[in-house]
Amino acid sequence: MTKSNAKAVIGLSMGHFTADLYASAIVPLYPLITQKLGITLAGISLIISLGHLVSSMLQPLFGFISDKIKRRGFMINGLIMGAVFIPLTIVAPNSFLLCLFLMLGMCGNALFHPQVTSLVKTFCYNNPDTAKYMGLFMGLGTIGYSIGPVISSNLVEKFGEGAMLYITVIGLLCALVLYFEVPKIPLEAINKSKDGFLDVMKEILKNKTCMKLVWIAIVKSGVSISFGTYIPFILKDDGFNLNITGIIVTLFFAISGLSMIASSKLEEKIGAVNLIRLSFFTILPLVILFKFTYDIMPVLGIIVFLISGFFIYLSVSVTIVAAQKIMPHHTGVISGVMQGFSWGIGALSLAPLGIIGEKFGVIWILFIMAALAFLTGVFGLDKDTKAVLNKR
């Protein structure tokens, strides 16, 4: 990889770090918003689901368009939208504006992610270590996602809700860096196919191996979203303040990000298939252990919960690179499906899970999602999928 291409990948990774920082900044504030606006747990779960759904449905379409153009405006404008509208959610005076600001921020997220994920592959030029660079890119994004909660909770705790607006400046500065540091998209990377968006989506849907990878991504997303969204409610019920809650959510996602950076090394030792199995088989035992330890020794229970974050995200970069190999001419679309669409479908589970949490307790949400991950590890990998995953 040339120096300029390496510089581009690092720039894209830092952009990912910043974009995902905004995506998570609101997470520890949901209980505060719920109380302030008088929304039920089921109601806030529905609003969160709608925000994620908008992002997820648009990402494949934006990925399709970005595959066909040489402009970098999708990632730059998407980053700006997230930086402006996500901080506005905390000062929304009613549930309508909360939903609007959240959806606009998530639209920015939808613009940003497919193009930058596709460009990582473009600037790697089929380098054998593409999975390593993708791991760095995904890992830094998740570490950014992890820092968002501690920044937002500290700002709101110390300076009030309006202080969230100050972090808009970070995204605007990062957008300038991307504009000057990431080269224009090479002409050979632009998809000149005359296939329409629906044609490409049909091609993806008909590919059974690709759909297996999409299902794995959906389950991972559902587990991640539910764990990150509902742990603040468990902690709030037990008297943890907003600042401590933000730190715990931050550590959860920081450990998740580190696992993605380390995943390529672990894949070399045990293989991609075993990596996915390790990821999905360990979550349920850890949730059971969390339940019993948290009731007796809360600090130990929280440590167990944080460890679960390492395994949830362990297989992310591996599955994205495998999907891009299956759809080499539609990397923007498949990146949008693997990241955005899967994240949104996973987020849809929040609405029914919120109802379950209200009736039976939030811990049951973690049990249900962990059990789904375990079953996916058992039944989610067929012979063809294993072949694609093990092909480096």
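Analyst: Helices here are DSSP runs of at least four residues, numbered from the N terminus. The model under discussion is predicted. With that naming in place, the nonpolar surface patch can be located: its largest share, four residues, comes from helix α13 (residues 298-312).

User: Which residues make the nonpolar surface patch?

Analyst: Ile296, Met297, Val299, Leu300, Ile303 and Ile307 form the patch, which covers about 580 Å². Leu300 belongs to helix α13.

User: Is Leu300 buried, exposed or partly exposed?

Analyst: Leu300 has a relative accessible area of 36%. Because buried means under 20% and exposed means over 50%, Leu300 counts as partly exposed. The C-alpha atoms of Leu205 and Met164 are separated by 41 Å, the two residues being 41 residues apart along the chain.

User: How should I read the packing of two helices?

Analyst: Two packed helices are described by the angle between their axes and by the distance between those axes. Consider helix α4 (residues 73-88) and helix α7 (residues 168-181): their axes are 8 Å apart, and the packing angle is about 175°. Since angles over 145 degrees count as roughly antiparallel, α4 is roughly antiparallel to α7. On the α4 side, the contact is made by Ile76, Leu79, Ile80, Ala83, Val84 and Pro87. On the α7 side, Thr168, Gly171, Leu172, Cys174, Ala175, Leu178 and Tyr179 take part.

User: At what angle do the axes of α11 and α12 cross?

Analyst: The axes of helix α11 (residues 272-281) and helix α12 (residues 283-296) cross at roughly 25° and come within 5 Å. Because angles under 35 degrees count as roughly parallel, α11 and α12 are roughly parallel to each other. The contact involves Ser279, Phe280 and Phe281 of α11, together with Ile283, Leu284 and Pro285 of α12.

User: How many salt bridges does the structure hold, and which side chains meet in a salt bridge?

Analyst: Side chains of opposite charge can pair when their charged atoms come close. The structure holds one salt bridge. In this salt bridge the side chains of Lys291 and Asp295 meet, with an N to O distance of 3.1 Å. Both residues lie in helix α12, four residues apart, which is about one turn of the helix. Lys291 has 28% relative accessibility and so counts as partly exposed.

User: Where does Thr18 lie, and which residues does Thr18 touch?

Analyst: Thr18 is located in helix α1 (residues 3-25). Its relative accessibility is 6%, so Thr18 counts as buried. Leaving aside residues up to four places away in sequence, Thr18 touches Leu79, Ile170, Gly171 and Cys174. Among these, Leu79 of α4 and both Gly171 and Cys174 of α7 also take part in the α4 and α7 contact.

User: Is Thr142 buried or exposed, and which residues does Thr142 touch?

Analyst: Thr142 lies in helix α6 (residues 130-159). With 5% relative accessibility, Thr142 counts as buried. Not counting residues up to four places away in sequence, Thr142 touches Asp20, Phe253, Ser256, Gly257, Met260 and Tyr313. Sequence separation and spatial separation can be read together for Thr142 and Gly354: they are 212 residues apart in sequence and 24 Å apart in space, C-alpha to C-alpha.

How values were computed:
Residues numbered from 1 in each chain as written. Predicted model: local features only at pLDDT ≥ 70, side-chain atom pairs only at ≥ 80, totals over all residues. Heavy atoms only, no water. Patch = residues over 30% accessible without salt bridge, like charges linked within 9 Å, V, L, I, M, F, W, Y side chains within 5 Å. Areas by Shrake-Rupley, 256 points an atom, 1.4 Å probe, with all protein chains shown as cover. Salt bridge = Lys/Arg side-chain N within 4 Å of Asp/Glu carboxyl O. Helix = DSSP H or I, 4+ residues; strand = E, 2+ residues; numbered from the N terminus. Buried < 20%, exposed > 50% of the residue type's maximum accessible area, 1.4 Å probe, protein only. Axes fitted to C-alpha atoms, helices over the stretch in contact; angles between N-to-C directions. Parallel < 35°, antiparallel > 145°, perpendicular 65-115°, else oblique. Contact = heavy atoms within 4.5 Å.
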